[in-house]
Amino acid sequence: MRRAPTSQPAETRAPVFGLITPEDWYRVPLLPADRREASVHALIKRRFTGVDDQPVLRRKAEEHLLGTAEAAVGQGGVVLYLSFLEAGGIPLSASLLISRLYEKFDGLDVVAALAGSGEVTLETLPAVGRVARVLRRERAKQSRKLGSEFEDTVVEYFVPVPDREEVLMLTFSTPLEPIADAMVELFDAVAGTLRWQQREEERAGEERQ
């Protein structure tokens, strides 16, 4: 989906979602801005630990990541995950953007229209029920700029938020076309851990009853 979200409903607080990701996926909270910037700075510091002779590269990497995070906010993004997994010394690049879309969908036709091209199916996730899933392959702008011959593989999940006209959107992406099928299996496994969580104050209230 490539559209800005409408404003967040003020009458009720959205349910909190939980997700289990691989250990080497770094979580970047996108809101508020100061938290986003602090998280990006911490990530860059971690990635460049022990590398003191690359100040220009480090600055460009931080600027690029900040730009990516800010663009994600414009799409309704609330959390960005970046993969630093490696296999045999080869980085398994991937990302996951979680967005809140303040609208409701009632069927596959609507999801297909929102998602654009791609294979759209209905799936069932263990803890959240029926969702729509989109699989597509595309030449991303960044890939074209780098001269890559590979297509990005994108898997999107559209998850209705309980009792709200709102959708949680999970957008997984990887540029690793040669192992795309294995990465899609990983993405589906991560999506399968999605669940809704009670807020701390709600749990505390129930315990007092």
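Contact here means heavy atoms within 4.5 Å. The structure is a predicted model, in which local features need pLDDT of at least 70 and side-chain atom pairs count only at pLDDT 80 or more, while totals for chains, interfaces and linings use all residues. Residues are numbered from 1 along each chain as its sequence is written, and side-chain values use heavy atoms, with hydrogens and water left out.

View 1. Apart from neighbours within four places in sequence, Leu194 is in contact with Phe17, Gly18, Leu19, Leu125, Ala127, Val128, Val159, Leu168 and Leu170. A nonpolar core is a set of buried Ala, Val, Leu, Ile, Met, Phe, Trp, Tyr and Cys residues joined through side-chain atoms within 4.5 Å. Buried means under 20% relative accessible area, exposed over 50%, and partly exposed in between (1.4 Å probe, protein chains only). The largest such core has 29 residues, and Leu194 is among those with the most contacts inside it, together with Leu96, Ile98, Tyr157, Leu170 and Phe172. At least two residues of this core come from each of strand 3 (77–83), strand 6 (95–101), strand 8 (129–138), strand 9 (152–160), strand 10 (167–174) and helix 5 (180–191). Helix 5 gives the most, with five residues. Helices (H or I, at least four residues) and strands (E, at least two) are DSSP runs, numbered from the N terminus. A second, separate core has 13 residues, including Leu30, Leu65, Leu80 and Leu97.

View 2. Seven strands form an open sheet in the order 2-3-6-10-9-8-7, with antiparallel pairing. The edges are strand 2 (25–29) and strand 7 (119–125), each with a single partner strand, so one side of each has no neighbour in the sheet. On average, neighbouring strands of this sheet are turned by 20 degrees against each other, direction ignored. Two strands pair if DSSP finds at least two bridges between them. Strand 3 and strand 6 pair in the antiparallel sense over five bridges; the bridge partner of Tyr81 is Leu96 in strand 6.

View 3. Helix 1 (residues 33–47) lies across strand 2 and strand 3, running at about 155 degrees to strand 2. Axes are lines fitted to C-alpha atoms, for helices over the stretch in contact, and angles run from 0 to 180 degrees between N-to-C directions. Ser39 is in helix 1 and is buried, with a relative accessible area of 9%. Beyond its neighbours within four places in sequence, Ser39 is in contact with Tyr26, Arg27, Val28 and Pro29. Pro32 is found in the loop between strand 2 and helix 1, and the peptide bond from Leu31 to Pro32 is cis, with omega near -5 degrees.

**View 4. The two faces of helix 5.** In helix 5, the residues Ala180, Met183, Val184, Phe187, Val190 and Ala191 are buried. They cover an arc of only 120 degrees around the axis, which puts them on the same side of helix 5; the arc is that of the directions from the helix axis to the C-beta atoms. The buried residues of helix 5 pack against strand 2, strand 6, strand 7, strand 8, strand 9 and strand 10. Exposed Asp181 and Glu185 are on the face turned away from the buried side of helix 5.

**View 5. Asp163 in its loop.** Asp163 is in the loop between strand 9 and strand 10. Although not a glycine, Asp163 has a positive phi of about 65 degrees. At 83% relative accessibility, Asp163 counts as exposed.
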